[in-house]
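Hi,

Here is the structure I promised to pass on. Have a look, and my notes follow below.

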Amino acid sequence: MTRNLILGAVLSSLVLLAAALSFIWTPFDHAAMNIPAKLQTPNAQHWLGTDHFGRDLMAMIMVGARTSIAVALVAVGIGMGAGVPLGLAAAARKGSWLDELIMRGNDLVFAFPSLVIAILITAVLGAGAVNAIIAIGIFNIPVFARITRGAALSLWEREFILAARVAGKSAARISAEHILPNVMNLLIVQGTIQFSLGILAEAGLSYVGLGAQPPTPSWGRMLADAQTMVSFAPHLALVPGMAIILTVLGLNLLGDGLRDHLDPKLRVARA
């Protein structure tokens, strides 16, 4: 196992553990306000300090991790669930009207920045975690479609695929039984990357008020609330900012490590 894989797995596991633990325990109620204890710096009672309402930042970070992971995970699931079949279909019908339709649709989505599309969709549908999931998931669809199509095209001319075609298997059956298992490693790696980008997108939407709504904590909204108080309470921005940085770093390292571990060419090169 590579160092990137180990470090990425450790950081990602810590975030997942914090999110899972928040279902049964947090040091304080994340929504409980305690005005006399507002803006406390990290101390023995409040390990990460308190915000301008006296809410415990550690509790908010733990519940916020749950929100970010849920939004990003479901959004990646939407992107993979719709994008992979589209990519397989485009590869199986290379050069056909279906291939052109799918790829030109991908180009149309890629013509606009992902965050702008997400903001547009959530502005139309309304603010909230569900609409944020839809917005982020829609952009993930062409990502997985293009990755799947590119990987599948290189397999369609392989001998074992030709043998399956000679045996009379349909394009759909070949895609499901032979193509998909051989591109799954690539999709897993891309999934970790899109997962980290989903967390960033959720934080960005929450920052502008279009993500998860109060009283549900969100790392992006915590940053937005802290922007006017950085000069005298920098921990309000540092705590959620470091949570986002470490989570995204961990997922990117995990994806990089998985790529090195799963790609046989890279394993041969290291050997």
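The buried residues of H8 are Trp 219, Gly 220, Arg 221, Met 222, Ala 224 and Ala 226, where buried means under 20% relative accessible area, exposed over 50% and partly exposed in between (1.4 Å probe, protein chains only). That makes 6 of the 8 residues in this helix (219–226), which is mostly covered. Helices here are DSSP runs (H or I, at least four residues), numbered from the N terminus. The cover over the buried part of H8 includes helices H1 (3–21), H2 (57–92), H7 (171–207) and H9.

Before you go further: this is a predicted model, with local features needing pLDDT of at least 70 and side-chain atom pairs counting only at pLDDT 80 or more, while totals for chains, interfaces and linings use all residues. Numbering runs from 1 along each chain as its sequence is written, and side-chain values use heavy atoms, with hydrogens and water left out.

On to H9 (residues 235–262), which holds Gly 250. Gly 250 is buried, at a relative accessible area of 0%. Neighbours within four places in sequence aside, Gly 250 is in contact (heavy atoms within 4.5 Å) with Gly 8, Leu 11 and Ser 12. From Gly 250 to Ile 78 it is 172 residues in sequence and 22 Å in space, C-alpha to C-alpha.

And which residue of helix H4 is worth a click? Leu 120 sits in helix H4, and Leu 120 is exposed, with a relative accessible area of 53%.

Cheers

Methods
Helix = DSSP H or I, 4+ residues; strand = E, 2+ residues; numbered from the N terminus.
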